[in-house]
Amino acid sequence: MSTIKLLFLFTFFSSLILGYEDGISGKYPIVVSTWPFVEAVRAAWRAVDAGFSAVDAVVEGCSACEDLRCDGTGVGPGGSPDENGETTIDALIMNGVTMEIGAVAAMRYVKDGIRAARLVMEHTKHSLLVGEKASAFAIAMGLPGPSNLSSTESIEMWNKWKENGCQPNFWKNVIPLNGCGPYHPKSANGFSEGGYSKANLMGVIESRSSHFGLHSHDTISMAVIDKMGHVAVGTSTNGATFKIPGRVGDGPIAGSSSYADDGVGACGATGDGDIMMRFLPCYQVVESMRLGMEPKLAAKDAISRIARKFPDFVGAVVAVNKNGVHAGACHGWTFQYSVRTLEMEDVEVFTVLP
């Protein structure tokens with residue numbers, strides 16, 4: 001038997017083995033999303049199965065999630081109010097072929113986060129626009145707005161939070177004039193006599209379990225490999241519930257919430273973005289896969305790097321490589337992600353234990 005035939009057979013059977021280990025197909029197209037966002041994955045699948053690009057499919061999938069408000073709290077308008085009761089949008093899209101990125105952060109008055117992010121990618125030489133200027137850009141480029149992104153549910157959630165003395169919140173080392181602020185630093189200069197910050201002199205990490213749970217925020221992060229084998233990712237979120245106004249989480253940060261490289265694969269993340277963005281877990285996952293690590297190990301490695309420094313953090317990543325092998329890893333909660341491949345009759349949901 002020729003060397004070429006032997007190489008082909010080795011590659012073929014290796015891909016079968018790898019696919020079995022992580023429960024995966026090695027054919028395109030494939031759609032992978034954080035959480036059991038079945039309708040979002042179906043929308044992306046319809047696009048990619050019809051021959052549209054990975055970028056198109058990501059936009060369709062994330063946009064469907066925004067419109068449906070997926071879990072009712074963390075994606076699209078109408079959820080996750082900040083301390084002022086306002087809902088704002090963070091979103092990102094990345095083309096794994098060109099490595100182009102478009103993102104918006106703390107965007108007000110415009111509900112279409114993923115479409116705004118795509119407009120940034122396709123019609124500017126920038127990567128990220130923020131705040132009201134991002135809103136003005138999106139509206140000027142044809143997206144509907146301005147509109148109120150709050151809902152009856154989000155306002156009710158905000159009112160109950162205020163009745164509870166604005167707890168929990170994201171402030172630290174401050175003294176409120178009343179339960180809901182305004183807040184002032186505990187000391188005049190924030191430093192001890194020895195010149196070190198009193199905030200964390202001993203390196204003690206405050207527990208964040210009261211801030212993040214399955215329903216205190218959420219994110220859709222989606223990866224698509226299209227029929228041509230091209231990769232794209234996207235993320236959309238309205239961020240952490242009761243965040244300090246102006247806060248930007250990991251959603252619009254490339255390498256943190258998601259990352260794609262056409263020659264390697266993709267990653268999506270969800271969880272405590274303020275912690276996770278310090279580690280760029282999705283960039284880490286893709287780079288680990290580039291070096292030959294399987295998705296399951298790459299995902300676990302990225303999560304363990306964070307957990308070693310922040311044992312109370314909650315979060316998860318899902319990885320898919322160019323062979324269509326996918327896997328997830330999580331810490332602090334049970335994580336689920338959704339997949340559709342050619343071999344599946346419909347979207348399937350996979351459960352990952354911490």
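C62 is buried, at 0% relative accessibility; here buried means under 20% relative accessible area, exposed means over 50%, and partly exposed lies in between (1.4 Å probe, protein chains only).

The model is predicted, so local features need pLDDT of at least 70 and side-chain atom pairs count only at pLDDT 80 or more, whereas totals for chains, interfaces and linings use all residues. Residues are numbered from 1 along each chain as its sequence is written, and side-chain values use heavy atoms, with hydrogens and water left out.

### Disulfides

The structure holds three disulfides. With the bonded cysteines of the protein numbered in sequence order, their pairing is 1-2, 3-4, 5-6.

| Disulfide | S to S distance | Torsion about the S-S bond |
|---|---|---|
| C65 and C70 | 1.8 Å | about -140° |
| C166 and C180 | 1.8 Å | about 95° |
| C267 and C282 | 2.3 Å | -65° |

The torsion of about -140° makes the disulfide of C65 and C70 left-handed. C65 is buried, with a relative accessible area of 0%, whereas C70 is partly exposed at 25% relative accessibility.

The disulfide of C166 and C180 is right-handed, because the torsion about its S-S bond is about 95°. This pair links distant parts of the chain, 14 residues apart: C166 is in the loop between α6 (152–163) and β5 (174–176), and C180 is in the loop between β5 and β6 (183–185). Helices (H or I, at least four residues) and strands (E, at least two) are DSSP runs, numbered from the N terminus. C166 counts as buried at 3% relative accessibility, while C180 is partly exposed at 34%.

The link of C267 and C282 is left-handed, with -65° about the S-S bond. It also joins distant parts of the chain, C267 in strand β10 and C282 in helix α8, 15 residues apart. Both C267 and C282 are buried. A further cysteine, C330, is buried as well, at 8% relative accessibility.

### The sheet and its helices

Strands β9-β10-β11-β12, in that order, form an open sheet of four strands with antiparallel pairing. The strands β9 (258–261) and β12 (326–331) stand at the edges with a single partner strand each, so one side of each has no neighbour in the sheet. From one strand to the next, the twist averages 10°.

Four bridges join β9 to strand β10 (residues 265–271), and the two run antiparallel; strands count as paired if DSSP finds at least two bridges between them. The bridge partner of D261 in β10 is G265.

Helix α8 (residues 281–290) packs on the sheet, touching β9, β10 and β11 (315–321), and its direction makes about 150° with that of β10. Contact means heavy atoms within 4.5 Å. Axes are lines fitted to C-alpha atoms, for helices over the stretch in contact, and angles run from 0 to 180 degrees between N-to-C directions. Helix α9 (residues 295–309) lies across β11 and β12, running at about 20° to β12.

### The surroundings of V110

V110 is in the loop between β3 (100–107) and α4 (113–123). V110 is buried, with a relative accessible area of 0%. Not counting residues up to four places away in sequence, V110 touches I89, S135, A138, I139, L143, P144 and L149. V110 and P77 are 33 residues apart in sequence, and their C-alpha atoms are 8.5 Å apart in space.

Technical notes
A disulfide is a pair of cysteine sulfur atoms within 2.5 Å.
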